[in-house]
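Here is a short report on the structure shown below.

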There are 2 protein chains.
Amino acid sequence: MTLSRRTQADRSAATRAALIAAGRTLFAQHGFAGVGTEAIVREASVSRGALYHQFGDKTELFAAVLDEVEHEIAQELVAAAGTSGDGDFVELMLETFTAWLDACQTPHVQRIVLIDGPSVLGWARWRAICQHHVLGLVEGMLSEGVAAGALTPLPVKPLAHVLLAMADEAALYVDAAPSPAAAQADMVAVVRPLIEALARE
Amino acid sequence: MTLSRRTQADRSAATRAALIAAGRTLFAQHGFAGVGTEAIVREASVSRGALYHQFGDKTELFAAVLDEVEHEIAQELVAAAGTSGDGDFVELMLETFTAWLDACQTPHVQRIVLIDGPSVLGWARWRAICQHHVLGLVEGMLSEGVAAGALTPLPVKPLAHVLLAMADEAALYVDAAPSPAAAQADMVAVVRPLIEALARE
DNA sequence: TAAGTTGCGTGCAGGTTGTATGTAACTTTA
DNA sequence: TAAAGTTACATACAACCTGCACGCAACTTA
């Protein structure tokens, strides 16, 4: 074993983390197209060479950022679903929905996940990343609902897609509304009957 | 009156139309970021000067393209709703929904309206343009439904937003699916109970 | 017809991305 | 532990792209 002060893996991990953190901040603030690689590496205190060594592309860095953000949101959602306690299916879905709305009130999510994601990565790759995190979570919840008989049997995958799309739009709608609180109440009022409709036999 | 062969308004209209048509084709094929102004003006057989005279910006050209596409889709939707004949509200909504899916199977719509729109123009401006065309149409249908008593009274504006968001995602889902026909059938199966839920008192 | 406005063509400046080339840090092998 | 090899990073450079400035031509108005 050598006496190296920093292993190569550590160096890589540190610069990757710094770049992802910087990208996350700046992409959220100015959008993918609005921030240059120069600004990113300055924020991360590394050189452009490091960026292009760690990520093949500015786009690849964005993908890494998106993946991290989605991962965090998914954790928040399972936490929210966990506290939701005993199992009315409708309530579980609605609590997850509002947890999603809350998570999306940070600009990170809106700009990176909802606005730029599809445009920068293309819809297919964007949804593939969602699939690994939030979208997969929703599908799982729906599958359990169907298995438990609490949910009308319907094709789960397309259902998860449209429900998540609803949640995405709701998040953007709420944030853009003059009175977010009122808008969120409206949204819940609109979504509740839709979820309830799915719950009946 | 002069004997001018072409009036200024005609010149402007012709170059504007050529630029919008070129932008429409190329934006649909390669995305907003993937096509340079040089390619656009070559396709339109004008100079870059003409572009920057007619539109302040590459972004402004994109907005004009989006506006045109939305206008055409809205016309298709009213046509579809017109042939839908006598009035079951659920059937009207579902026919409009499938008409939307059909319209979105042309790549023009997907890439320009659904993918790049929010990213290039920002969500607020994007939805404002939708409001003038498709989104406004949906809101109108819902308002009539409420007035006629065919629809549970709910806040119409947020409802229109989530329904349209569902339709957007459905369109992209169907197109990306290995078997679009099957995916579309699934989507209709999923959306129908949701619409029916809104229709009952 | 002369003056003024509108539409358009072209060259230029600033900025951006990705790559090529060189160097330092770390790891493996003998 | 010393040499060889690999990995991580720094920097200079080439290609490109956007938007503007300036100038000219077409049209309109007085």
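## How the copies meet

Of the interface residues of chain A, 100% are also interface residues in chain B, so the two copies meet through the same surface. Two residues are in contact if their C-beta atoms, placed from the backbone, lie within 7 Å.

## Basis of the model

This is a predicted model; local features need pLDDT of at least 70, side-chain atom pairs count only at pLDDT 80 or more, and totals for chains, interfaces and linings use all residues. Residues are numbered from 1 along each chain as its sequence is written, with chains lettered from A and ligands numbered from 1 in the order in which they are written.

## Fold of chain A

Chain A has nine helices and zero strands. Helices (H or I, at least four residues) and strands (E, at least two) are DSSP runs, numbered from the N terminus. The C-alpha trace spans about 65 × 50 × 30 Å along its principal axes.

## Two domains

Chain A is assigned domain 1 (1-56) and domain 2 (59-199); the bounds come from an automatic or database domain assignment. Their centres, taken over C-alpha atoms, are 29 Å apart. Contacts link 11 residues of domain 1 of chain A with 13 residues of domain 2 of chain A. On the domain 1 side, helix H1 (residues 8-30) of chain A gives the largest share, six residues.
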